Protein chains: 2
Amino acid sequence: MKKIEELKNEFRKISRYGHAIALIGWDLETGAPKKAVEKRAEVLGELSSYAFELSISEKIGKLIEESEKEELNEDDKALIRIVKKEYEKSKKIPPELMREFSIVTSNAQAAWEKARKEKDFNVFKPHLEKVVELTKKMADIIGYKENRYDALLDMYEPGLTVKDLNEIIKTLKDELVPFVSKLLNEGKKPNDSFMKGHFDNKKQENLSYVVLDKMGYDLESGRMDVAVHPFTTTIGPNDVRITTRYREDDFRDSFYSTVHEGGHALYEQGISEKYSDLPIGEAASMAIHESQSRFWENIVGRSLGFWKNFYPEVQKEFEQFKDVSVEDFYKAVNVVEKSLIRVDADEVTYNLHVMLRYEIEEALINDRIKVEDLPKIWNQKTKEYFGIEPKDDVEGVLQDVHWSHGSFGYFPSYMLGNLYSAQLYYKLKEEINFEEKLETGDFKEVLNWLRTNVHQYGSKYEPQDLIEKITGERLNPQYFMKYLKEKYSKIYNI
Amino acid sequence: MKKIEELKNEFRKISRYGHAIALIGWDLETGAPKKAVEKRAEVLGELSSYAFELSISEKIGKLIEESEKEELNEDDKALIRIVKKEYEKSKKIPPELMREFSIVTSNAQAAWEKARKEKDFNVFKPHLEKVVELTKKMADIIGYKENRYDALLDMYEPGLTVKDLNEIIKTLKDELVPFVSKLLNEGKKPNDSFMKGHFDNKKQENLSYVVLDKMGYDLESGRMDVAVHPFTTTIGPNDVRITTRYREDDFRDSFYSTVHEGGHALYEQGISEKYSDLPIGEAASMAIHESQSRFWENIVGRSLGFWKNFYPEVQKEFEQFKDVSVEDFYKAVNVVEKSLIRVDADEVTYNLHVMLRYEIEEALINDRIKVEDLPKIWNQKTKEYFGIEPKDDVEGVLQDVHWSHGSFGYFPSYMLGNLYSAQLYYKLKEEINFEEKLETGDFKEVLNWLRTNVHQYGSKYEPQDLIEKITGERLNPQYFMKYLKEKYSKIYNI
């Protein structure tokens, strides 16, 4: 057997532990008995460390080395690129540090929850300090050329540096900040008062299945459940599960949760089968992942064309929209508002939230600010970006879970996802009569385009190479701005 | 650290893989996406073989040896007894044989399903022949004193031999066969025509939760789902899950499935926490397990007292019983009938089904009959026991899945479970005002008695030692006969 095949078999073996881990995670979020949770953490710990052990084994190292010498096709070359990078990184990190990181972040998460309950950042502070300390240590061990934060960024968006990112953000910010200001000051805010009401969960669930079906989500390779924080998880090939939630007072929340997670799931279901159970069979990056969910949530799901087709379904379930026109409904799902909470933000202001976090965490990791100053800095920046201030830390610095996990470097993905989605959108429009597809609700061609251009490749290409391959240029934030301006100038009459 | 503690830690580690395996199994039966099933089998295979590898490691062998030399308390002595027996057995079996067994039974199960579809035993025959061959080989390797079947029996009912079993069966049969005959020929069969109707699943589900709550099943340490074949599974401590099913035309099926599985679950939830994740924390035997489900299903759930309390709940959900008296309802859940299908059999004739299978498989394993003769022998014996004959193999020799799994030696547990449950019942009645508990629906003391006497011990005692410890005598089938006669003489007016 060729060494590359042996190597693949090793990864397939490791992936089996990954399946079990993913299933346990899914179970914990969707309905594991309350008292079982603690014990399950031990199981996750055991399986994860064994899988990690397998992944940094001498055997894998040797097989990578030997495979490199063989004649390889493009896919296998990409596989080697991915696993070699990961292997070398993982080998560098001392197991004790990994263990410490895992304990510290686990305690930090508990402290974060407590801090939120008590609305007091100080409860979280000493834990976060430890997390930041260890994260910096990790970054230094992994190594970087110019900026310590680059080591972290690369985990979520391979190849991206602070330098690139700052440039992207500068361009975006220069246009976005005045545009938001213009919208809010000169524009006419749509009426969305008719969106409040009582929405039966069962009816919302029906709508979820209808929209997922239209999108092309395959329920024989997935399922939908309820979770407090909606997410998508790939248990294994042909098993990509989504979760959603239902708010009885506003059905937009559940509907867009479903569509968003559906977008993630379509990506995972579309990765080429030949990459199954191999590291190349994972998404190109978190941002590319987010581009897919955002595409379906916003570019499809918040478009007028989509609602022209889908609105009758909603009217059928919820009588209260009987006398509301589809245009008014469309505007109501696109209200722009200054907000304190990222996860509730509209698509226009959302990126400002991400920038705020990115600026803070980059400075934190590079020792330009201290953990103890975070609440103050957070509130100042919120004032600067949104002109409003959190009334407490829960509305401010304590709102996201990410830092307690030590996921520094993750936030930019949320913004990049929006940018990628817009750049893909303009390319897709050149090749497909998108407006027609929206208005007929027939998304086969759209999905097929995404599958062919994005999904199938998994992580064969680094994200920026992928976007260049598809659109002919690297990530360009102007597309996103163009999209926002075209859409919201009409809605806000400016 | 004492060696026994090190040994326990090894088993705790192994148990973590067991948790993952159990969860995957549960998921497969309760709603994993259709297309995901095949891949999941690979995951199960990987995790199971790794867990098995850990269990027969030199390390465990050495720790057992060294622990034995330490001063041990009663619990730890029992633990050593259990793990040593298992270790020595497992070590004997060549890994290739294990692998072959797993492949052969997996194919056999597929063939069994196909044979059922085609109503043709011949499709299954060659596969079953291989399974029997390998099972005999296994039994010979494991070893036995008198009868090859003893090696198999011991896997499910530790310590029991064919000799003991034949004696039990003889006593039982001598009384049961004429009693059944008397019931059916001289008795007055109750009317149960009012049991047919349309029963909304959601209402059946409500009833399931009510009865489980009354029984004392803890939903914070478990959950209930729907599966084609109801089962109970222990994912880990504080996570004992049951499944049930709903037939829209007859609610008895789902109701008694729920109560039966609830009985199993109460056992698992009642095993002492100090045995968590250790082999001693498993049930004493399959028959003791079955005794618990049968106790709740039949002795509680098919008693007049129980229905005096519970009937209003059913009447509330299902209007059709408005004019049916509780006595008539009680009789209707206790109809005795000649039947071809074991799983649908009433509590009186059920054991006859088990005897039939036991007699056949014991003869098969000891080469007194051949696989090819099974359909003929099955049909003859059915005629002999029930006076009726299957119209095809699906109603006959193909009705159970067990042989395709190679689970020879399992069937007697079903019968022994009934016998144990009756023996426990008479002891329990001496100590608790059982009739009062039934009529008030307050089962706290009953459950507590079972917990104290049976559940908490896990497999600390071998089943017959346990029953002797509780009731002062070894397994005695007369209790079961006494129970049947007292109950059914009244119902059938004989």
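1. Buried area. In this predicted model, about 4,200 Å² is buried between domain 1 of chain A and domain 2 of chain A. Carbon and sulfur atoms account for 63% of that area. On the side of domain 1, W26(A), F121(A) and N147(A) together supply 18% of the area buried against domain 2, more than any other three residues.

2. The two domains. The domain assignment places residues 3-147 of chain A in domain 1 and residues 148-494 in domain 2. Taken over C-alpha atoms, the centres of the two domains lie 25 Å apart. The contact between them takes 44 residues from domain 1 and 56 residues from domain 2.

3. Across the interface of domain 1 and domain 2 of chain A, 6 salt bridges are found. D392(A) also takes part in a salt bridge, with K119(A) as its partner; the closest N and O atoms of this pair are 3.8 Å apart. That distance counts because the cut-off for a salt bridge is within 4 Å. The interface of the two domains also has 19 residue pairs in polar contact, with both residues at pLDDT 80 or more.

4. Helices on the side of domain 1. The elements that give two or more residues to the side touching domain 2 are α1 (3-30), α4 (74-92), α5 (95-118) and α6 (121-142) of chain A. Of this side, α6(A) provides the largest share, 12 residues.

5. Residue classes. Sorted by class, the side of domain 1 of chain A that touches domain 2 has 20 nonpolar, 16 charged and 8 polar residues.

Definitions and conventions:
Residues are numbered from 1 along each chain as its sequence is written. Chains are lettered from A and ligands numbered from 1 in the order in which they are written. This is a predicted model: local features need pLDDT of at least 70, side-chain atom pairs count only at pLDDT 80 or more; totals for chains, interfaces and linings use all residues. Side-chain values use heavy atoms; hydrogens and water are left out. Domain bounds come from an automatic or database domain assignment. Contact means heavy atoms within 4.5 Å. Buried area is the accessible area (1.4 Å probe) that two parts lose on being put together, summed over both. A salt bridge is a side-chain nitrogen of Lys or Arg within 4 Å of a carboxyl oxygen of Asp or Glu. A polar contact is a pair of N or O atoms within 3.5 Å; within protein, one must be able to donate a hydrogen and the other to accept it, and residues adjacent in sequence count only if both atoms are side-chain atoms. Helices (H or I, at least four residues) and strands (E, at least two) are DSSP runs, numbered from the N terminus. Ala, Val, Leu, Ile, Met, Phe, Trp, Tyr, Cys and Pro count as nonpolar, Asp, Glu, Lys and Arg as charged, and the others, Gly among them, as polar.
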